Amino acid sequence: MLHRHLNHEQYTLAALDDVIERGKRADWAALRSVALEEREIMEKILRVALAHAGDRYAQRYHFWRHYAEEHLKAA
């Protein structure tokens, strides 16, 4: 996914935030694949999602928070 304010393709916290907020299904599928292979990425996803935990309308972040919590717990 091309990020409008980043000039790299790495999964930094800012990039993850952008993928969660603006990503399409294909972007999420790619993120899921990487996160399942790299625990560090899953931990970063959780960190980004928790930053939006207080916003009840941030449904994308709530989805990813639950997803990351379940996968980190199972690992």
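## Basis of the description

In this predicted model, local features need pLDDT of at least 70 and side-chain atom pairs count only at pLDDT 80 or more, while totals for chains, interfaces and linings use all residues. Residues are numbered from 1 along each chain as its sequence is written, and side-chain values use heavy atoms, with hydrogens and water left out.

Helix α1 covers residues 13–22, where helices (H or I, at least four residues) and strands (E, at least two) are DSSP runs numbered from the N terminus. Within α1, the residues Ala 15, Leu 16, Asp 18, Val 19 and Ile 20 are buried; buried stands for under 20% relative accessible area, exposed for over 50%, and partly exposed for values in between, with a 1.4 Å probe and protein chains only. The cover over these buried residues includes α2 (25–37), α3 (39–50) and α4 (59–74).

When neighbours within four places in sequence are left aside, Trp 64 is in contact (heavy atoms within 4.5 Å) with Ile 20, Trp 28, Leu 31, Arg 32, Ile 45 and Ala 49.

## His 62 in helix α4

His 62 is found in helix α4 and, at 13% relative accessibility, counts as buried. Its side chain reaches the backbone oxygen of Asp 55 at 2.7 Å, and, leaving aside neighbours within four places in sequence, His 62 is in contact with His 52, Ala 53, Asp 55 and Arg 56.

## Asp 17 and its partners

Asp 17 lies in helix α1 and is partly exposed, with a relative accessible area of 24%. Its side chain is joined to that of Tyr 61 by a polar contact of 2.7 Å; such a contact is a pair of N or O atoms within 3.5 Å, where within protein one must be able to donate a hydrogen and the other to accept it, and residues adjacent in sequence count only if both atoms are side-chain atoms. Not counting residues up to four places away in sequence, Asp 17 touches Val 48, His 52 and Tyr 61.

## Salt bridges along the helices

The structure holds 5 salt bridges, each being a side-chain nitrogen of Lys or Arg within 4 Å of a carboxyl oxygen of Asp or Glu. One of them joins the side chains of Arg 39 and Glu 43 (3.0 Å, N to O), which both lie in helix α3, 4 residues apart, or about one turn of the helix. Arg 39 is partly exposed at 44% relative accessible area, and Glu 43 is partly exposed at 39%.

Glu 40 forms a salt bridge with Lys 44, with the closest N and O atoms 3.9 Å apart; Glu 40 counts as exposed at 52% relative accessibility, whereas Lys 44 is partly exposed at 23%. In helix α4, Glu 70 and Lys 73 are 3 residues apart and so separated by about one helical turn, and their salt bridge has its closest N and O atoms 3.2 Å apart. An α-helix has 3.6 residues a turn, so residues three or four places apart point the same way.
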